[in-house]
Amino acid sequence: MPTDERQREWERERERERERERESRTAETQRRSRIRLDQPLPRRRKIFPEYDPDAFGRLSERIARFLGTGRFIVWMTVIIVMWVLWNVSVPHALRFDEYPFIFLTLALSLQASYAAPLILLAQNRQDDRDRVNLEQDRKQNERSIADTEYLSREMAALRIGLGEVATRDWIRSELQDLLKELEEQRHDGAGHGAGQGPGQGSTAVFPPESGRRRDVDDR
């Protein structure tokens with residue numbers, strides 16, 4: 001009997017250990033599933049209904065555009081005139097809003113109370129678009145100014161570089177000046193040679209070579 005009791009007690013301990021291991025594994029699995037980043041979190045239930053702000057903004061802009069047209073004014077005038085004529089001319093049993101037209105006043109007040117915030121919302125969206133457009137224009141102007149300054153610096157560098165390069169006109173003018181100097185030296189030498197005699201003339205600028213030497217060189 002004592003042996004059976006010990007065996008049962010040992011089996012109970014083993015079952016308890018297994019239960020503890022299962023609980024620890026379950027808790028670890030849940031903890032890992034909570035901290036995993038490769039899986040999206042479940043959507044939380046919200047008390048208030050969800051809506052698309054962009055879609056609502058586009059709808060408000062459409063309504064604001066319609067409220068600012070002549071068609072809306074014409075239709076509203078027609079409806080108000082028909083409302084008043086109906087409640088004045090028809091029998092009392094068919095009138096639904098007698099004078100002083102409290103129901104019409106309430107409807108117009110409700111329409112104005114909804115139209116004002118819709119127009120403000122449309123204006124805010126337009127202001128946001130204008131702000132974005134202005135920011136883009138400012139950046140574009142800054143890039144244009146930077147490009148213009150860069151091109152101006154490049155043009156100035158090219159002008160400075162071209163000012164230091166010998167151009168064709170400059171070389172032509174230098175050659176013409178050199179030719180004039182040679183001509184003047186030649187005339188001066190010819191004048192001195194005529195005054196000293198035929199055998200004592202000065203050396204020419206381009207002395208002619210002897211015929212014999214020229215013949216040797218030609219061969």
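**Salt bridges and a charged surface patch**

In this predicted model, R138 pairs with E135 in a salt bridge (a side-chain nitrogen of Lys or Arg within 4 Å of a carboxyl oxygen of Asp or Glu), and their closest N and O atoms lie 2.4 Å apart. Local features need pLDDT of at least 70 and side-chain atom pairs count only at pLDDT 80 or more, while totals for chains, interfaces and linings use all residues. Residues are numbered from 1 along each chain as its sequence is written, and side-chain values use heavy atoms, with hydrogens and water left out.

R138 and E135 are three residues apart in helix 4, so about one helical turn separates them. Helices are DSSP runs (H or I, at least four residues), numbered from the N terminus. R138 also forms a salt bridge with E142, at 2.6 Å between the closest N and O atoms. E142 is partly exposed, at 44% relative accessible area. Here buried means under 20%, exposed over 50%, and partly exposed in between (1.4 Å probe, protein chains only).

The structure holds nine salt bridges. One of them joins E61 to R125, with the closest N and O atoms 2.9 Å apart. This pair links distant parts of the chain: E61 lies in helix 2 (residues 53-67) and R125 in helix 4 (residues 102-163), 64 residues apart. E61 is buried, with a relative accessible area of 8%. A network of salt bridges links E61, R65, R125 and R129.

E184 sits in helix 5 (residues 168-196). E184 is exposed, at 51% relative accessible area.

Notes
Helix = DSSP H or I, 4+ residues; strand = E, 2+ residues; numbered from the N terminus.
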